[in-house]
Structure formats: C-alpha cells, structure tokens
Amino acid sequence: MSIEAARELLIGDGATPLKLEYFAIAGVAEPVRIALSIADVPFDDVGIDFKDWFSAKKATTKYGVVPEMTLPDGSLVTESKAMLRLAGEADPEGKLFPADVRSRLKVEMTLGLVADLDKTWNPAMYVGMRPQKFGYPPKEEWSEGETVIKKLRTEFVTNELPRFMGYFTDLIKESGGNFLCGENLTIADIAAYQGIGYYRRGVADHVPKDCLEKFPEIMAYLGRVEAHPKVAAYKASKAK
C-alpha cells in the first residue's frame, strides 16, 4: 500500500474524522494513537467508560473486544496491530513503516519480539484477574492466590525480563545505538516503547517501578523515543 492510499483510507476528504474507540487508558490503543499523531492523521479518540462496557458497548462490537477503528468511509478496522501498521503506512515521510522490503522485515521481526515479551508476561498478569483460565479456583475462593501471583511475577522480573531486555539491547546496538531498526523511529519502536515502558509504571503488584533501571541501554532508548519531537508533542497534548 502506498502512503497516498493509506492516507486516503484514514483521512478521506477530511469531512468525516477517523474514529478510534478504546477504554480511556493507554493499553493496546496507545501505540496506534502515537502512530496516527506522528503521521499527522487527525482522529477522534473516543474513550469507553468501563461501566458501560459489559452493559451495552461490548455487544455492539464486531468481535466483543476493542479497540475498533471506523474509517471516514464507514469501514471498520479491528485488531490493534493492523491499525498500527495502517497508521505507519500513512506516515508522509515513509519512516514509520518503511516500504523497503529488508527494512520492513526488520520492523516485522521486532514487532514479533515485542509480542513475545507480552505473551511471556501475560500469564503472570492475568492469573490475578481471571485465575480460572489457568486452572485455579475463582479469585474469591483462591486462598493461595496472592502467593502464586507473587511467585509468578517475581520469577518474570528475575528471569524473563532480563532475557528480553538483553534481546532489545542487542537490537539497539546492531542498529547503531539509536532506535531498534535503524536511525529512524518506526512502529516497532512505538510498540516497544509502550510494551517495555509498562514495567516502569508500577501498576502491577510485585513488579517494582525501578525494575528497568538495571538496564541502562534500555532506559536511554526509552528516553530517545520520548524525546522524538512528534512523540513529545503527543505526550504534551495528552498532559493538557
């Protein structure tokens, strides 16, 4: 898909804005928001209230999940990674999702590594929310729940997080020490920034806010992403 075709899909004639619907949190929609902002694609960021989700909104979605993106022509886009790639295609500078096959392959491989990190963390995360899906009793009946959750999350921080931070550090060095896929910020960096940055937010029990500080190359990398002029502009707009 060309840059022009992607922008036509996302912007149309400018009369009807793109609509992105998700909960009023960062979550999996945040990389899409950042990429759209970098690509200078205007959009309506529609926040869904959690109390309305199960009572009304969920039944109206195509697959029972969000985010959902409605294009100006009324077409529906599902799946956050599809949205991220489409936003990347629309970058007027052609940097977020480069057309060169070899460069794009590197972006795709890096996106896969970010997904692997998420998949490795998810059991430790979601066992605390939906223990039945992992073979444990319901949360209110699970007397050993806190012990198991602490064990799984501590093991992740001790063993798996350093392993993945090593992989990402190697990618940074291989690319020349700037971003993960070369000198330019790509959608892989946006996904990695959001995925890795989660672990310094202190939102999950037993995952210390300072757990990334032992990885100086990673901390410096996150700082470079945040310092990118368009990422910084997006962050500033959200802080208002």
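1. A salt bridge is taken here as a side-chain nitrogen of Lys or Arg within 4 Å of a carboxyl oxygen of Asp or Glu. The model is predicted. Glutamate 93 is exposed, at 52% relative accessible area, whereas lysine 95 is partly exposed, at 35%.

2. Across the whole structure, 13 salt bridges are found. One of them pairs arginine 33 with aspartate 45, the closest N and O atoms lying 3.1 Å apart. Because arginine 33 belongs to helix α2 and aspartate 45 to strand β2 (residues 43-48), the pair ties together parts 12 residues apart in sequence. Arginine 33 is buried, with a relative accessible area of 3%; aspartate 45 is partly exposed, with 35%.

3. Arginine 104 forms a salt bridge with glutamate 89, with a closest N and O separation of 2.9 Å. This pair links helix α5, which holds arginine 104, to helix α4, which holds glutamate 89, 15 residues apart. Glutamate 89 is buried, at 11% relative accessible area.

4. The largest pocket has a volume of about 1,100 Å³. Its lining comprises 27 residues, of which Tyr22, Gly27, Val28, Asn122 and Tyr126 are the closest to the centre. Helix α5 gives the most to this lining, with 8 residues. By class, the lining divides into 17 nonpolar, 5 polar and 5 charged residues.

5. Tyrosine 136 is located in the loop between α5 (101-126) and α6 (145-174) and is partly exposed, at 31% relative accessible area.

How values were computed: Residues numbered from 1 in each chain as written. Predicted model: local features only at pLDDT ≥ 70, side-chain atom pairs only at ≥ 80, totals over all residues. Heavy atoms only, no water. Helix = DSSP H or I, 4+ residues; strand = E, 2+ residues; numbered from the N terminus. Buried < 20%, exposed > 50% of the residue type's maximum accessible area, 1.4 Å probe, protein only. 1 Å grid on protein atoms, 1.4 Å probe; cavity = no way out; pocket = protein on both sides within 12 Å on 5 of 7 lines; lining within 4 Å. Points joined across faces, edges and corners; volume = space filled by probe spheres on them. Nonpolar A, V, L, I, M, F, W, Y, C, P; charged D, E, K, R; others polar.
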